Amino acid sequence: MKINTLGRHIREGLKNLARNGWMTFASISSVTITLLILGVFLLLALNVNHMAKTVENQVEIRVFLDITADQASASALEKKIEALPDVESVVYVPKDQGLIDLKEQMGENGQFLNGLEDENPLPDALTVKTKQPQSVSTVAEKIGSMELVDELDYGAETVNQLFTWTKMMRNVGFVFIIGLAFTAMFLIANTIKLTIVARRREIEIMKLVGATNWFIRWPFFVEGLVMGVMGAVIPVAILTTGYYYLYNNLHSSLYAQMFEILPTNPFVFQVGGILLGIGAFIGIWGSMISVRKFLRV
Amino acid sequence: MIEMYDVWKTYPNGTNALKGINVKINKGDFVFVVGPSGAGKSTFIKLMYREEKPTKGQIFLNSFNVSRIKERQIPAVRRSIGVIFQDFKLLPNLTVFENVAFAMEVIESNKKEIKPRVMEVLGLVKLKHKAKMLPSELSGGEQQRIALARAIVNNPGIIIADEPTGNLDPDTSWEIMKLFDEINLSGTTVVMATHNREIVNSMRRRVIAIEAGEIARDEQRGEYGYED
């Protein structure tokens, strides 16, 4: 293709957008609305995912050692656990440290534990973190069968429930996003199809005078791209500003409840980029599948 | 220039439009294709510019084997011919000039060549002064002259016309026929399907009559031969 011809296709595409003013407006609006919904959902889903990950990462196994265990055998056990696959880290918590931690956790009520220092009833413990939060129960099982392990605790029930919940959230989010993306594509394809039906004659004549299929497609390609990108710019602007304010206002209060939402930069810009990409893609795709039908002469 | 060997065309609904057509049209010929409605004239014409594909047989046009070419070679075939229709097929949003220039843009002609060449062919059909008008502002005869200008702008060796005077009154039809005659005199082959008895009978060119999908007559200096 000559450079001149590319210029012609771009001019032609833009001219057609202006010529089909209302149709262009309708197409752009449908991209805008769908991408806005998709964008809100994407922000939500990614944040839920992030929160789930944060919560998941707090999951750890507490291994309480038999009271007969001495320092040497404790570190031997520590090495043994460290050698397990899936284990990220093992921290030795001697009983004195355990008591201090416990006091801290109890806050003001911790004073009731004063005086126990000399006759500490707590066993020595190991805190185990796994590489994958989901492998916590298998790792726990292996540790449970080791010698010198008296008891272990990872909140089996709670952890399993947590994982079912986060998994469900992710799946629902995924299905929603795919569903919305497809809806958007068909909306756009249909709107563009309407503008093309009106231009059927034009395509027919182009074919009769010997235009190649790509010569006919290019202006439509340009139109689809422009419509998709223009349709995406508005939701991206709304979402970026909206999220910026939301983050600034909500971040501190949510953080206090251990929920952390993703910071504006670079998260929102990444989502914006994704939306622009989706907009461009569905615009082009929509106009390409619509024009395809009329190219068979 | 155009050759058909045992060409058959059966449509998906079972209609046998053409049954074993053999014909040879030489460069520079002027051929009228006549026959009753539904006898296969249109199919015969459509096969030539590859709007339809033959069910059986071979068709050669210029250097192409039209019956065998692939989808993506169709544009090349169409560029070597000019096609004209009863309903003109002009683009309503484009001016007269743009409609003709369009055929040159499509084959990616040099921009500098387009303007002088378009004005030249508009001069041939005597519509230079209406270059900036829209097709809707012209009469039927003028619109067909624009279609003719568009058909010849890329210097095709063959002009194929399907009822070009079908929508025109007798006087206007003659104006158009004069242009076809001029184009033919410059060496371009013309193949024209028509129902216009008067024109066929007074021009006395080669006449191919198609009846029930077969060639019934093929005469040099022939006559229309039907009572409409």
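Predicted model: local features only at pLDDT ≥ 70, side-chain atom pairs only at ≥ 80, totals over all residues.

Me: Where does A:Leu148 lie in chain A?

Reply: A:Leu148 sits in the loop between helix 5 (136-144) and strand 4 (149-153) of chain A. With a relative accessibility of 30%, A:Leu148 counts as partly exposed.

Me: And how many residues apart in sequence are A:Leu148 and A:Val93?

Reply: They are 55 residues apart in sequence, and C-alpha to C-alpha they are 15 Å apart in space.

Me: OK, switching to the interface. How many residues of chain B are in contact with chain A?

Reply: 23 residues of chain B are in contact with 20 residues of chain A. Between them the two chains bury about 2,000 Å², and 56% of that is on carbon and sulfur atoms.

Me: How many salt bridges does the rule find across that interface?

Reply: Two salt bridges across the interface of chain B and chain A. One of the salt bridges in the model is between the side chains of B:Lys89 and A:Glu204, at 3.2 Å, N to O.

Me: Which elements give two or more residues to chain B's side?

Reply: Helix 2 (74-79), strand 6 (81-85) and helix 3 (96-106) of chain B. Helix 3 of chain B gives the most, with four residues.

Me: What does B:Glu105 meet in a salt bridge?

Reply: The side chain of B:Glu105 meets that of A:Arg8, at 3.2 Å, N to O. B:Glu105 lies in helix 3 of chain B and A:Arg8 in helix 1 (residues 3-19) of chain A, so the pair joins two chains.

Me: Is A:Arg8 buried or exposed?

Reply: A:Arg8 counts as buried, because its relative accessibility is 7% and the cut-off for buried is under 20%. B:Glu105 is partly exposed, with a relative accessible area of 28%.

Me: Which residues do salt bridges with shared partners join into one network?

Reply: A:Glu204, B:Asp87 and B:Lys89.

Me: Now helix 7 of chain A. Which residues there are buried?

Reply: In helix 7 (residues 200-208) of chain A, the buried ones are A:Glu202, A:Ile203, A:Ile205, A:Met206, A:Lys207 and A:Leu208. After helix 7 of chain A comes A:Gly210, with a positive phi near 95°.

Me: Last topic: which residues make the nonpolar surface patch?

Reply: A:Leu225, A:Val229, A:Val233, A:Ile234, A:Ile238 and A:Leu276 make a patch of about 420 Å². Helix 8 (residues 213-256) of chain A gives the largest share of the patch, five residues. A:Leu225 is found in helix 8 of chain A, and at 32% relative accessibility A:Leu225 counts as partly exposed.

Key:
Residues numbered from 1 in each chain as written. Chains lettered and ligands numbered in written order. Heavy atoms only, no water. Patch = residues over 30% accessible without salt bridge, like charges linked within 9 Å, V, L, I, M, F, W, Y side chains within 5 Å. Areas by Shrake-Rupley, 256 points an atom, 1.4 Å probe, with all protein chains shown as cover. Salt bridge = Lys/Arg side-chain N within 4 Å of Asp/Glu carboxyl O. Buried < 20%, exposed > 50% of the residue type's maximum accessible area, 1.4 Å probe, protein only. Contact = heavy atoms within 4.5 Å. Buried area = accessible area lost by both parts, 1.4 Å probe.
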